[in-house]
Amino acid sequence: MKTFTILFVAFLFVCEHASAQRNVTVYGGLKFIEYRGSNIWFWYRDESPAPDNFFTDIELSGKTVFNLGFNYNNYSKTQNMYWDAFVDLFLGKYFGIDGGGSIGYPFFITGEKNISFLPSISGGVGYYNKSLGTLENHTTWIQVNDTRFQNFANVDLSMVGWYAFIRPNLAFVIDVSPNAQIILSGSYSINIDLKPEVSFTGPDQNGTNVTANEDLDANNLAFYIDNKRTNDSPFKLMGPEVRLGVNFGIGR
């Protein structure tokens with residue numbers, strides 16, 4: 001998270017000194033996630049002194065995720081080049097945050113320059129936590145690495161990790177006042193998982209809620225996607241996104 005913050009502040013500093021026009025866009029929208037199959041289940045062999053095998057079906061839910069965000073940009077009728085610095089928050093059974101910057105070029109389609117198409121390309125990094133369901137405990141306890149969960153307690157599963165992304169965008173911008181615009185945009189996020197892990201969360205032997213992670217390539221876990229074993233993530237982070245926002249000037 002510290003690296004993410006430093007990169008975002010550095011990009012914002014460069015943008016601030018690159019143009020006189022300053023605006024903020026506040027937006028909401030939807031992100032769509034695609035699972036890699038229609039029948040997915042998870043196997044895990046725990047690390048207790050007498051290891052047990054655990055199996056659970058993966059919930060194929062949370063395919064549509066709510067997105068809230070804002071950006072700081074230089075959109076103007078007199079600027080040839082567009083830039084922004086943004087932060088996105090994703091809510092639902094998929095929780096995530098990402099941020100970065102965009103560059104683009106507006107094409108005005110009226111003489112008054114009150115309507116434009118704005119193609120742009122974004123890039124950045126993010127972090128996610130996607131719920132996968134529950135690992136039911138039918139034995140005494142489940143142990144993940146050195147973490148021993150409470151006797152007979154079920155454990156929640158999720159996928160967590162960092163990712164990098166490139167996001168082509170196309171926006172339709174309409175003036176609603178001299179200093180404000182409505183923006184309808186669509187994009188397709190192309191993501192690369194940097195270090196995905198399976199996260200186990202539940203009460204420990206003292207009743208305190210704790211979390212332990214396993215690398216996705218560990219030899220004591222696997223996903224079975226349409227009956228084929230894999231150590232890949234069961235869903236794709238990349239996919240289409242749509243947003244509706246309001247852009248308003250905050251000065252020069």
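Me: What makes up the lining of the largest pocket, by class?

Reply: The lining has 3 nonpolar, 7 polar and 2 charged residues. Asp, Glu, Lys and Arg count as charged; Ala, Val, Leu, Ile, Met, Phe, Trp, Tyr, Cys and Pro as nonpolar; the others, Gly among them, as polar. This is a predicted model, in which local features need pLDDT of at least 70 and side-chain atom pairs count only at pLDDT 80 or more, while totals for chains, interfaces and linings use all residues. Residues are numbered from 1 along each chain as its sequence is written, and side-chain values use heavy atoms, with hydrogens and water left out.

Me: How large is this pocket, and which residues are closest to its centre?

Reply: Its volume is about 170 Å³, where a volume is the space filled by probe spheres set on grid points joined across faces, edges and corners. Of its 12 lining residues, Gln21, Tyr75, Ser76, Pro178 and Gln181 are the closest to the centre. Strands β13 (180–193) and β19 (239–251) each supply at least two lining residues; a strand is a DSSP run (E, at least two residues), numbered from the N terminus.

Me: What makes a space a cavity rather than a pocket?

Reply: On a 1 Å grid over the protein atoms alone, a cavity is a set of points where a 1.4 Å probe fits but cannot get out, whereas a pocket is an open set with protein on both sides within 12 Å along at least five of seven lines; lining residues have an atom within 4 Å of a point. The structure holds 1 cavity of 30 Å³ or more. Of the 21 residues lining the largest cavity, Asn71, Tyr82, Asp84, Asn169 and Ser185 are the closest to its centre. About 310 Å³ of space lies in this cavity, and its lining has 7 nonpolar, 10 polar and 4 charged residues.

Me: Why is Asp46 called buried?

Reply: Buried means under 20% relative accessible area (1.4 Å probe, protein chains only). Asp46 has 2%, so the word applies. Asp46 sits in the loop between β3 (40–45) and β4. Contact means heavy atoms within 4.5 Å; beyond four places in sequence, Asp46 touches Pro51, Asp52, Phe54, Trp141, Ile142 and Gln143.

Me: How do you know that β16 and β17 pair?

Reply: Two strands pair if DSSP finds at least two bridges between them. Strand β16 (residues 221–225) and β17 have 3 bridges, in the antiparallel sense, so they meet the condition. Ile225 stands opposite Lys228 in β17.

Me: What makes β4 and β17 edge strands?

Reply: The open sheet has 4 strands in the order β4-β3-β16-β17, with antiparallel pairing. Strands β4 (53–57) and β17 (228–230) each pair on one side only.

Conventions: Buried < 20%, exposed > 50% of the residue type's maximum accessible area, 1.4 Å probe, protein only.
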